[in-house]
Amino acid sequence: MTVASLAGQVAWVTGSSRGLGRVMAEHLGHLGADLVVHGTTQTSARAFGEGESLDQVARDVAARTGRRVLGVAADLTRPEAVQAAVARVRAEYGRIDVLVNNAGGDIGPAGATGPGGGRPPNNDGVFIAIEDLRAVIDRNLLSCIYVCREVAPEMIERRAGRIVNVGSVAGLSGRAEGVMYATAKAAVHEYTRCLAVQLRPYNVTVNCVAPGGTMTPRFVATGQAKPGVVEHVGTLQGYGQPEDIAHAVAYLVTDAGRHVSGQVLRVDGGDQTWPA
């Protein structure tokens, strides 16, 4: 059996200054990849006490993994900022072999430090404020597309590469709250499928991981972790751990998942079992 390894590769995980993204990045580093950790700003990690600065997070991840780690701050909802971030990564490493589009969240224009962890009020399909609607769509869908537009061409040229977009089980069912987030993630799922078809002739896999409720500091701090489910963490009936999502991403970006593309993989303990 071949041991999963990313030795000699460069992996960029967007939104990795804290939460799920940081755990994903560390896991890929343990598999041998040199890393790019990213936050919207240098202080993104402070939102829920997960770090003092992006540079400090980069140093900590480097110490834990023994890999080269570059910290890049950029607002990925701005195409010019995405271009500058990608240019910096290429200047440091020369290439990007693995892209994980994790940046996102049900977060309005005030950011994660806003009231309620940034979750928009009136978060439905009719009464959500326009500025909140735009912020959620930009943060979850357009940022994903902008980054893929900048990174995919080099993978096409090399005829090699792995892309994983992070969706959500919220985008796989109807709901009355968190509507714009669910809508944006559903669009990420479909963009993943379309991009997979486009990049298939170039041997570039494109997949999506759709987490269910996961025990990140923000998930807990915003009151989304229900006691009756928290008590079952560690079983299929409880919330997931960030490591569960990281392992799914690792499967898709290593040789274990080399013949898998265009898929949306739920990581929710079997809470949703209908077709994606």
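Trainee: How many bridges join strand 4 to strand 5?
Mentor: Four, and strand 4 and strand 5 (residues 161-166) run parallel. Strands pair if DSSP finds at least two bridges between them, and strands (E, at least two residues) and helices (H or I, at least four) are DSSP runs numbered from the N terminus. This is a predicted model, where local features need pLDDT of at least 70, side-chain atom pairs count only at pLDDT 80 or more, and totals for chains, interfaces and linings use all residues. Residues are numbered from 1 along each chain as its sequence is written, and side-chain values use heavy atoms, leaving out hydrogens and water.

Trainee: What's the bridge partner of Leu 99 in strand 5?
Mentor: Ile 163. From strand 4 the chain crosses through helix 4 (residues 130-158) to strand 5, a right-handed β-α-β crossover: with the strands pointing away from the viewer, the path from the first strand over the helix to the second runs clockwise.

Trainee: And which residues of strand 4 are buried on each side?
Mentor: Val 98 and Val 100 on one side, Leu 99 and Asn 101 on the other. Buried means under 20% relative accessible area, exposed over 50%, partly exposed in between (1.4 Å probe, protein chains only).

Trainee: Switching topic: how many aromatic pairs are there?
Mentor: One. Phe 219 and Tyr 239 sit edge-to-face, 4.9 Å centre to centre with 75° between the planes. Rings of Phe, Tyr and Trp (its six-membered ring) pair if their centres lie within 6.5 Å; planes under 30 degrees apart are stacked, over 60 edge-to-face, the rest tilted.
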